[in-house]
Amino acid sequence: MCRSGPSCCSCPLMAFRWDYLDRVPTPNFRILIDDGVMVEQVENAYITKTFPNHYSLVTGLYAETHGIVANEMYDPVLNQSFSMETDSIYDSRWWEEAVPLWVTIQKAGGRSGAAMWPGSDVKIHGMFPNQYLPYNASVSFETRVERIIEWFSGPKEEAVDFGVLYWEEPDESGHKFGPQSSSMDEVIVGIDEKLGFLINELKKAGLYEKVNLVVTSDHGMTQLFTDNIIELDEYVDRDLYTWVDKSPVVGILPKEGKLDEVYSKLVDANPNMVVFKKEEIPEHFHYRHNTRIMPIIIEAKEGWTIMQNRSGPFMFGNHGYDNTLRSMHPVFVARGPAFRQNYVKTSMRSVDLYPLMCHILSIRPQPNNGSLVNVKDLLYPEPTLSTPTIPPRVQEYSYAPVVGSLIGVVMVLGFLVVYIRQVTLRQLPSLKHRSREMSQPLLQEDLHL
Ligand SMILES: [Zn+2]
């Protein structure tokens, strides 16, 4: 992810596409898959960009509900702009429409650590993770791993129960070369070697058999072509609108009184883009009910780039497109005491990971769009779900604790490592409720965070 890259548009990092595993030998991923679980197709959150999807993973919410709707945003209520490339990301107000998992864990009496996960170096609802690294792209993957393992290995009263780690590749190279480039082969081999380093360090620390490790990513990547550029200046005067978010899903804020004029100029302008008024955005995107979503959004068809004109920087790979496209889907592999072995699942949604992690941690989730029911087959042994209780969409489950109590989950998100130590209820005396399951996806209106 190019969080610090001045020329790299809005490129979030990671972007380990699900099928990267098949293009070169990835023996370390295979170790985890053989000894754990893999999900072939993970439908992530729309828009398939870095910041929205990282926050979905740790909240279980779609972007319209957690409020991080893009990497570049404008909030008309705050009259403020958010950009990955400015210090605006440290303003808590952008993040507090939701509660990230580390805050929930800490309020329940647990401890958490984050190595450069987006948002983890921001004070949210009055808290940072107990341990965290401020974002600094120059810190090596190895250092991030060593730090997170230190956090897990500390004295019992200081050790974290949950950890996340973020890594910038293969997103950066994917933008530069495009996923179809043979140059990506070497990058993927390098990522697999980094995973091997993580596995080895976990073993050296005596954590490998105790920690639940989730390796996933925020999104995939698709190839772009210089012939496939849409230039908005051909269709509408740029004085009529403000360009808020970037290709491939462009947020358009029309100037006062110009909404219909801008829309009419764009709606049928080019067959390789789809133009929505906000209220027309398809419901299945879960991308409508937030003031930070602009009055008009333009979605490029896969492989196309939207620019104002060709003078801007061009990337040979990008993401952000329709989240039902397979090219946008991330890798998902998990291994540890809570997970089955040698099990392949066809599909899940990325928002389902949140209730799964809460289940492993034995904490009560915040209201969310995910469903433990959708992913409980990944677990060993599968939890027993009782009949629905009141409210009817919520189910209680009885959790069969996995042997041992020092169990974490590490999630590597594309390279993002989420480390979650599983804890028992006994270890969280302040927790009065067992984890609960939202058996049906919540609409944004249903949530009262
Ligand atoms: Zn990116």
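Strand 1 (residues 37–43) and strand 16 run antiparallel and are joined by two bridges, where strands are said to pair if DSSP finds at least two bridges between them. Within this pairing, valine 37 stands opposite alanine 334 of strand 16. Strand 16 has a further antiparallel partner in strand 7 (residues 212–216), to which four bridges join it, and here threonine 216 stands opposite phenylalanine 332. The structure is a predicted model, in which local features need pLDDT of at least 70 and side-chain atom pairs count only at pLDDT 80 or more, whereas totals for chains, interfaces and linings use all residues. Residues are numbered from 1 along each chain as its sequence is written.

The chain contains 10 helices and 22 strands, these elements being DSSP runs numbered from the N terminus, with helices (H or I) of at least four residues and strands (E) of at least two. Of its 449 residues, 52% count as buried, a residue being buried if 20 or more other C-beta atoms lie within 10 Å of its own, exposed if 12 or fewer do, and partly exposed in between, with C-beta atoms placed from the backbone. Among the contacts in the chain with a separation of 6 or more, 74% are accounted for by residues 24 or more positions apart, where contact requires that the C-beta atoms of two residues, placed from the backbone, lie within 7 Å.

In strand 16 (residues 332–335), Phe332 and Ala334 point one way while Val333 and Arg335 point the other way, and all are buried. Alanine 334 counts as buried because 30 other C-beta atoms lie within 10 Å. When residues up to four places away in sequence are not counted, alanine 334 touches Gly36, Val37, Asn212, Leu213, Val214, Phe339 and Leu378. The C-alpha atoms of alanine 334 and methionine 38 are 6.5 Å apart in space, although these residues are 296 residues apart in sequence.

Apart from neighbours within four places in sequence, phenylalanine 29 is in contact with Leu21, Asp192, Leu195 and Val333.

Helix 1 (residues 27–35) packs against helix 7 (residues 183–204) at an angle of about 55°, and their axes are 7 Å apart; axes are lines fitted to C-alpha atoms, for helices over the stretch in contact, and angles run from 0 to 180 degrees between N-to-C directions. The two helices, helix 1 and helix 7, are therefore oblique to each other, since angles under 35 degrees count as roughly parallel, over 145 as roughly antiparallel, 65 to 115 as roughly perpendicular and the rest as oblique. Helix 1 contributes Pro27, Asn28, Phe29 and Ile31 to the contact, and helix 7 contributes Asp192, Leu195, Gly196 and Ile199. These residues divide into five nonpolar, two polar and one charged, with Ala, Val, Leu, Ile, Met, Phe, Trp, Tyr, Cys and Pro counted as nonpolar, Asp, Glu, Lys and Arg as charged, and the others, Gly among them, as polar.

Helix 7 also meets helix 5 (residues 141–153), the axes coming within 10 Å and crossing at roughly 25°, which means that helix 5 is roughly parallel to helix 7. In this contact, Phe141, Glu142, Val145, Glu146 and Ile149 of helix 5 meet Lys194, Phe197, Leu198, Glu201 and Leu202 of helix 7, and the residues divide into six nonpolar, no polar and four charged.

Elsewhere in the chain, four strands form an open sheet in the order 10-11-13-12, with antiparallel pairing. Strand 10 (241–243) and strand 12 (273–277) are the edge strands, each of which pairs on one side only, and neighbouring strands of the sheet are turned by 25° against each other on average, direction ignored. Strand 12 pairs with strand 13 (residues 296–300) in the antiparallel sense over five bridges, and lysine 277 stands opposite isoleucine 296 of strand 13.

Helix 9 (residues 353–361) is mostly covered, nine of its nine residues being buried. Just after helix 9, serine 362 takes a positive phi of about 55°.
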